[in-house]
Amino acid sequence: MSLSSSGRRAVVIAGLRTPFAKAGTLLRTATAAELARHCTRELLYRTELAGDQVDEVIYGQVISSPLLPNVAREISLLPQFPRTIPAYTLNRACASGAQAVSNAADQIRAGHADVIIAGGVETLSDIPILHSRKFSQILMAANRAKSLPERLGIFAQARPRDLKPVAPGIAEPSTGESMGESAEKMAKENGISRESQDEYALMSHQRAAAATASGRFLNEIAPWFGGKHLDEVLTSDNTIRGDSSLEALAKLRPVFDRKYGSVTAGNSSPLTDGAASVLLMSEERARSLGYQPQVAIRSYAVAAVDPGWQLLMGPAYAVPKVLRRAGLTLAQMGLVEIHEAFAAQVLSNVQAWSSVAWADRLGLPGPVGEVDWSRTNVLGGSIALGHPFAATGARIITTLAGEMVRRDVEFGLISICAQGGMGYAMVLERVG
Ligand SMILES: CC(C)(COP(=O)(O)OP(=O)(O)OC[C@H]1O[C@@H](n2cnc3c(N)ncnc32)[C@H](O)[C@@H]1OP(=O)(O)O)[C@@H](O)C(=O)NCCC(=O)NCCS
């Protein structure tokens, strides 16, 4: 199933990310290009790969700067690379990093490339703040004016409301509903209690804190040196709250429905800055360059639901789709990684996977299956580790591949919900 007709398959050689930081904290002055270049440069060093071996760079970014629309090309212009490596940036919302890896795998399978760096970056500390359409038009007209009086006359057309800055919201363009409001709606419609959301969030933090304390992420994180004198050092994610408790979580007020809601800052993923890169190769090239291929991409799938319905329910569709493509079942997955946008979204989707009614709705012979939490998000997830939108997929692929090797597991599953009602899923397999 994993091989193309040409017998080529893409293997994950290694991945590396910046530490993830709550937006507005240690990475607040870094640009997307700096973060992405930092972890990619370090990935090259750690894998001892010569830059001229790389055929392409594919990166994801959800909220990009109009001044830097193709961050992938800024990466492929690192001094470690020749100037001739093509690069493009894509946007599949929160699944962008995973989509970049999928596109890389497709290119490798097709025989168009042998070595690709794929990943994603997000700097929510550096979102583009725009002028209103009316004020932009005034500025453009003023620029064309032939005299000072004409220019002043054009500026005089501006009203105070035209000067109000326009910032991108984390909301669905087609409905205006924010991701948090959608999570709130899903909690209510699917009967996900506040207690179960808080318990889930606590598990995410406790697992992430334990994994970090054990040093498990050291080979996946390139420490960041910030501040004027490079003396603000970040070696792990500053979003993890190992000291959280059910009592503390229970005290937090709902954010998106203050009166009747259950989604809080504690059971949501935080707004985060960070970047993550993954090095992929064809199995043959990996071996010829002296790498030991251990994990390959077996299949991936994307699905979409009506964004006006339950916006973050895409994985309920994408996961059965990818399992069918892989010719495998949920029970065969030794490890599962679910992106945690909100606890309510994770719990809604896993409830759907185990439900007969959902199986009927999807035309499946039976439910996808029960999630075994001893094999799922074993090192915590986005609620604790943070969620720099486009970087998350690349983080998950790196962590899952590493953990599959560590635990000697044959198959691993990834599930990601994304804006636009999309769901993304991938199956990784061990290389024999
Ligand atoms: C939910 C959200 C609005 C909260 O933002 P915020 O108010 O900046 O969050 P903070 O980290 O300051 O937390 C608010 C409070 O909760 C507390 N808190 C947060 N997590 C906690 C935890 N696990 N345990 C205990 N307390 C916690 C904080 O200490 C803080 O308390 P304080 O006000 O006394 O300082 C923001 O994280 C968000 O928008 N998340 C969703 C992002 C999103 O939509 N992603 C897209 C996914 S598809």
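This is a predicted model: local features need pLDDT of at least 70, side-chain atom pairs count only at pLDDT 80 or more; totals for chains, interfaces and linings use all residues.
**Entry 1**

I began by asking which residues sit around the ligand. There are 22 of them, and K22, R241, S244, L252 and S269 come nearest. I then sorted this shell by class and found 14 nonpolar, six polar and two charged residues. I also looked up where the ligand sits: the space it takes is the largest pocket.

Next I went through the N and O atoms. The side chain of S244 has an N or O atom 2.7 Å from a nitrogen of the ligand. For S269, I found a polar backbone atom 2.9 Å from a ligand nitrogen. With R241, a ligand oxygen lies 3.1 Å from an N or O atom of the side chain.

**Entry 1: cysteines**

How many disulfides does the structure hold? I found zero. As a reminder to myself, a disulfide is a covalent bond between the sulfur atoms of two cysteines.

C94 is in no disulfide either, and its nearest cysteine sulfur, in C417, is 6.4 Å away.

Are C39 and C94 buried or exposed? I noted C39 as buried, because its relative accessibility is 0%. C94 also counts as buried, at 13% relative accessibility.

Terms used: Residues are numbered from 1 along each chain as its sequence is written. Side-chain values use heavy atoms; hydrogens and water are left out. A residue is near a molecule or strand if one of its heavy atoms lies within 4 Å of it. A polar contact is a pair of N or O atoms within 3.5 Å; within protein, one must be able to donate a hydrogen and the other to accept it, and residues adjacent in sequence count only if both atoms are side-chain atoms. On a 1 Å grid over the protein atoms alone, a cavity is a set of points where a 1.4 Å probe fits but cannot get out, and a pocket is an open set with protein on both sides within 12 Å along at least five of seven lines; lining residues have an atom within 4 Å of a point. A molecule sits in a cavity or pocket if more than half of its atoms lie within 2 Å of its grid points. Ala, Val, Leu, Ile, Met, Phe, Trp, Tyr, Cys and Pro count as nonpolar, Asp, Glu, Lys and Arg as charged, and the others, Gly among them, as polar. A disulfide is a pair of cysteine sulfur atoms within 2.5 Å. Buried means under 20% relative accessible area, exposed over 50%, partly exposed in between (1.4 Å probe, protein chains only).
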